[in-house]
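Here are my notes on this model, point by point. Have the structure open as you read.

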Amino acid sequence: MKLNAKTVFLILTVIIATAYVWPELNYQDLLSQGDHGRDLYAFDAVTHGKLPYKDFWWVYGPIMPYYYGLFFKIFGVHITSVLLGRAVLVVACAVFFYLSAACLMPPWLAFIGASWFTQSRQEFFFTYNHIGGIVMELVIAWCLLSYIRNAALRYLWIALLAAFVLALVKINFGLAGLLGLILSVWFIDYCKNNPFDAQKKKFYIASIAVVPFLLVVINWLLLHDLTIYEIRQCMPYFGDDQPYHASPLMVVPYYLMQHWLTFVHSPFGVAIGIALHGCTLIAVYLLISKKMDKNYRQNVLISLAVIGLFFVLYFHEFLVSAVWYRTYWSLPFLELFHFVMIAVAFTFIPVFFRVIVMFVIGALTLLGIVAHIGEIQSQKLPFRYLSMDRGQIYVGNEPQWTDTVNTVTQFLNNNLSDDQMFFAMPYDCLYYYLAGKMSPTRQLIFFDHIKIQPQQEISVIKELESNHISYVLMSSRIASPETGLGIFGKTYCPILAQYIHQVFVPVAREGGDWTQPPGWANNHGVIILKRK
């Protein structure tokens with residue numbers, strides 16, 4: 001069978017992306033006892049019939065626990081199963097970036113773009129959830145860029161399904177994607193004079209009415225048994241639910257400055273900055289002067305408008321918080337923009353300069369992938385290994401962190417019978433997962449910014465009593481200067497703190513420098529308390 005160029009480079013994209021994530025199948029740079037612990041606990045809990053929000057605190061959309069839970073069911077309850085599920089999504093990102101780019105450029109250039117994106121994209125280091133959303137973003141991008149070329153309605157229905165799934169990954173980005181999809185289709189049809197027929201009417205009805213209605217129903221079914229404050233703890237989108245706030249007037253200059261610094265911090269950055277922005281200037285000149293095929297120019301301009309729209313829409317969380325990792329949602333569209341501009345510039349500049357640009361980008365891509373693989377392999381040392389059955393991965397955390405987690409998990413396995421539970425706080429769900437235990441309470445997190453109500457404290461105490469909890473774990477994060485965390489018993493949960501002080505007594509202390517501030521995934525210490 002003879003393969004065309006597009007298929008060949010698609011296969012090469014899959015190979016490169018697979019090679020990039022292969023070392024990560026049993027390695028994670030940083031594993032946190034809180035955020036990653038919450039994810040792992042959720043993935044395990046849904047395999048036992050528990051529901052997100054209703055049966056355990058969960059702060060994203062409901063779909064990803066079931067995705068990763070499926071990997072637990074198929075490959076076993078190990079962190080390696082989760083890393084495999086994540087690796088599949090990383091490869092899918094590369095594939096849909098390639099397919100999106102190939103709508104506007106030769107397959108070989110789309111392949112280089114996808115390879116660059118694979119090694120340069122920023123990781124949502126704190127959760128396994130968001131990578132599923134990035135896949136759906138790129139599916140929407142591929143569908144819309146394909147629709148610009150041939151106006152096939154099947155692309156719109158696939159994009160609508162992707163927006164629906166994205167809303168089940170993270171509701172605000174799904175709604176932003178749905179809005180972007182509707183506006184983009186209208187804009188494309190207006191520019192291309194596409195007919196507004198019966199099929200298009202069905203698409204708009206489904207987009208404006210059916211999908212939002214389904215999202216309301218799904219979220220109502222999962223949330224309707226909860227109180228208003230419990231719903232706000234799971235969906236912190238109102239008022240002061242978020243601990244971080246910023247003015248857009250300050251955020252935009254800050255973003256532009258950081259974007260500039262990424263290109264001037266090293267000789268490699270300068271080289272890639274010159275290549276990308278030089279091509280952008282040439283492309284702008286070509287598009288303004290109309291020195292290119294009329295149909296291709298129209299498609300490029302419409303595509304750039306769509307890419308720009310989604311970049312802005314997915315920028316909204318960062319715009320009001322200045323939390324840098326929230327820019328990662330818009331990053332795929334920024335990189336798509338750069339490679340579209342490179343493709344346009346390549347229709348004009350001489351072959352010699354094209355070779356130089358591709359050599360710079362290709363060499364840096366290859367160096368990035370090789371360095372990534374080598375760095376991970378160098379980190380796979382015995383003292384970085386989580387040895388328990390549900391671990392079985394190497395981590396990049398400090399050795400003291402790994403030793404503490406191994407020791408505490410071993411303590412729990414040695415001192416708890418199969419039917420016994422324990423209580424971990426303020427946010428140490430990793431131990432529930434590693435010990436193979438369900439939490440005795442629905443509430444998994446206790447910090448200032450969560451705003452635990454007195455009635456919740458009383459409810460938690462009742463659950464601890466009804467489940468005959470004999471052991472309580474309290475990590476060093478019970479007293480933290482970090483924004484939004486606070487001091488247990490003083491700035492949050494005084495009733496629960498008094499109960500634990502009266503009923504439990506410390507029996508062991510593991511790890512951590514208790515004179516230093518506790519970290520998100522470092523300087524981790526644990527006090528183990530036993531019922532008096």
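1. A patch here is made of residues with over 30% relative accessible area and no salt bridge, with nonpolar side chains joined within 5 Å. Keep in mind that this is a predicted model. By that rule, I205, V210, F213, L214, V217, W220 and L221 make up a nonpolar surface patch, and together they have about 680 Å² of accessible area.

2. W220 sits in helix α9, which covers residues 198-223. With a relative accessible area of 53%, W220 is exposed, because the cut-off for exposed is over 50%.

3. Now the salt bridges: how many are there? The count comes to 12 salt bridges. One of them joins the side chains of K54 and D225, at 3.2 Å from N to O. K54 is in the loop between α2 (35-46) and α3 (63-75), while D225 is in the loop between α9 and α10 (228-234), so this pair ties together parts that lie 171 residues apart in sequence. Both ends are partly exposed: K54 has 33% relative accessibility, and D225 has 44%.

4. K200 and D189 also form a salt bridge, with their closest N and O atoms 2.8 Å apart. K200 belongs to helix α9 and D189 to helix α8 (residues 171-192), so the pair links parts that are 11 residues apart in sequence. Are these two buried or exposed? K200 is buried, and D189 is buried too.

5. There is a salt-bridge network as well, linking E24, R86, R121 and E123. Within that group, E123 pairs with R121, the closest N and O atoms being 3.0 Å apart. E123 is partly exposed at 26% relative accessibility, whereas R121 counts as buried at 12%.

6. On to the cysteines. The count comes to zero disulfides. For C103, the nearest cysteine sulfur is that of C143, 9.2 Å away; the cut-off for a disulfide is within 2.5 Å, so C103 is in none. C103 counts as buried, at 9% relative accessibility. C429 is in no disulfide either, with the nearest cysteine sulfur, that of C234, 12 Å away. C429 is buried as well, at 0% relative accessibility.

7. Last, have a look at H524, in the loop between β7 (504-510) and β8 (526-531). Which side chain does H524 meet in a polar contact of 2.7 Å? That of Y431. Beyond its neighbours within four places in sequence, H524 is in contact with residues including Q33, E398, W401, D428, S475 and E510.

Technical notes
Residues numbered from 1 in each chain as written. Predicted model: local features only at pLDDT ≥ 70, side-chain atom pairs only at ≥ 80, totals over all residues. Heavy atoms only, no water. Buried < 20%, exposed > 50% of the residue type's maximum accessible area, 1.4 Å probe, protein only. Helix = DSSP H or I, 4+ residues; strand = E, 2+ residues; numbered from the N terminus. Polar contact = N/O pair within 3.5 Å; in protein donor to acceptor, adjacent residues only side chain to side chain. Contact = heavy atoms within 4.5 Å. Patch = residues over 30% accessible without salt bridge, like charges linked within 9 Å, V, L, I, M, F, W, Y side chains within 5 Å. Areas by Shrake-Rupley, 256 points an atom, 1.4 Å probe, with all protein chains shown as cover. Salt bridge = Lys/Arg side-chain N within 4 Å of Asp/Glu carboxyl O.
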